[in-house]
Amino acid sequence: MRKIIVSTFVSLDGVMQAPGGPDEDPVNGFKFGGWVFPYADETMGSVIGELFAKPFALLLGRKTYDIFAAHWPYQDDDIARAFNPATKYVATHRPESLGWQNSQSLGSDIVASLRKIKQENGPDLLIQGSGNLIQTLLANELIDEMTVLTFPLILGKGKRLFEGGATPGALTLTRSAVSGTGIIIATYERDGEVRTGSFVSDQPSEAELERRRNWR
């Protein structure tokens with residue numbers, strides 16, 4: 001079974017918009033494009049390199065696809081040499097315009113297509129960017145593994161990793177590291193339902209009982 005693996009850059013307040021450069025995604029007046037660049041170091045590069053070290057396919061939303069398709073075919077570095085020949089599965093309403101080599105549309109029912117693809121033999125599917133697509137995958141519990149690189153800055157406004165609609169669930173931290181520039185790198189896998197408990201005494205005070213009544 002193939003896995004769907006997310007790796008994403010976020011600010012401390014959860015913004016993932018335009019990490020790579022000022023012209024990447026200035027939608028809604030976002031003015032901090034390129035916020036990842038000052039923090040890039042060997043640890044970050046090692047994590048990214050490890051992601052692409054074994055065979056993979058790319059799973060992309062249409063906006064991220066367009067950003068990548070306008071950049072990577074014209075580059076000649078390790079990432080370009082990994083991305084360009086890889087199969088790209090794309091969530092799009094315009095399949096006729098997928099011009100980057102080895103690109104294919106996920107069709108009208110993205111969730112059904114991905115459930116089918118996951119059952120096939122082949123490399124894992126890696127998601128880069130693609131915030132809208134990630135929301136769909138989170139809502140349908142299709143993500144098997146998520147590596148979140150949290151950067152030490154607050155961006156205030158912008159597209160967020162968890163915009164809403166994610167299915168509640170517990171996670172297991174399977175790996176973690178901190179870079180020299182302060183990036184917290186954490187890899188998670190699903191771990192069943194949300195588990196709850198209470199630090200409150202099983203004999204709450206009258207004040208506590210009154211508070212509960214007032215807050216309902």
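The legends below describe close-up views of a predicted model of one protein chain.

**Figure 1. Overall architecture of the chain.** The chain holds 6 helices and 8 strands. Read from the N terminus, these elements follow the order β-α-β-α-α-β-β-α-β-α-β-β-β-α. The C-alpha trace spans about 70 × 40 × 35 Å along its principal axes. Of the 216 residues, 39% count as buried. Among contacts between residues at least 6 apart in sequence, 68% join residues at least 24 apart. The accessible surface amounts to about 12,600 Å², and carbon and sulfur atoms account for 53% of this area.

**Figure 2. The largest pocket and its lining.** At least two lining residues come from each of β1 (4–11), α1 (42–51), α2 (62–69), α3 (78–83) and α5 (131–139). By residue class, the lining contains 20 nonpolar, 19 polar and 8 charged residues.

**Figure 3. The second largest pocket and its lining.** About 370 Å³ of space lies in this pocket. It is lined by 18 residues, with E50, L51, E145, T147 and R175 nearest its centre. Helix α1 makes the greatest contribution to this lining, with 5 residues. At least two lining residues are supplied by each of α1, β5 (124–128), β6 (145–151), β7 (171–178) and β8 (184–190). The lining divides into 8 nonpolar, 5 polar and 5 charged residues.

**Figure 4. The largest nonpolar core.** This core consists of 31 residues, among which F83, W100 and F151 have the most contacts inside it. Elements α1, β2 (56–61), α2, α3 and β6 each provide at least two of the core residues. Helix α1 supplies the largest share, 4 residues. A second, separate core has 23 residues, including L59, I117, L142 and I143.

**Figure 5. Surroundings of F151.** F151 is one of the residues with the most contacts inside the largest nonpolar core. When neighbours within four places in sequence are set aside, F151 is in contact with F9, V10, S11, L12, W35, V36, Y39, M44 and I183.

Methods: Residues are numbered from 1 along each chain as its sequence is written. This is a predicted model: local features need pLDDT of at least 70, side-chain atom pairs count only at pLDDT 80 or more; totals for chains, interfaces and linings use all residues. Side-chain values use heavy atoms; hydrogens and water are left out. Ala, Val, Leu, Ile, Met, Phe, Trp, Tyr, Cys and Pro count as nonpolar, Asp, Glu, Lys and Arg as charged, and the others, Gly among them, as polar. On a 1 Å grid over the protein atoms alone, a cavity is a set of points where a 1.4 Å probe fits but cannot get out, and a pocket is an open set with protein on both sides within 12 Å along at least five of seven lines; lining residues have an atom within 4 Å of a point. Grid points are joined across faces, edges and corners, and a volume is the space filled by probe spheres set on the points. A nonpolar core is a set of buried Ala, Val, Leu, Ile, Met, Phe, Trp, Tyr and Cys residues joined through side-chain atoms within 4.5 Å. Buried means under 20% relative accessible area, exposed over 50%, partly exposed in between (1.4 Å probe, protein chains only). Contact means heavy atoms within 4.5 Å. Accessible areas come from the Shrake-Rupley method with a 1.4 Å probe; for residues, only the protein chains shown count as cover.
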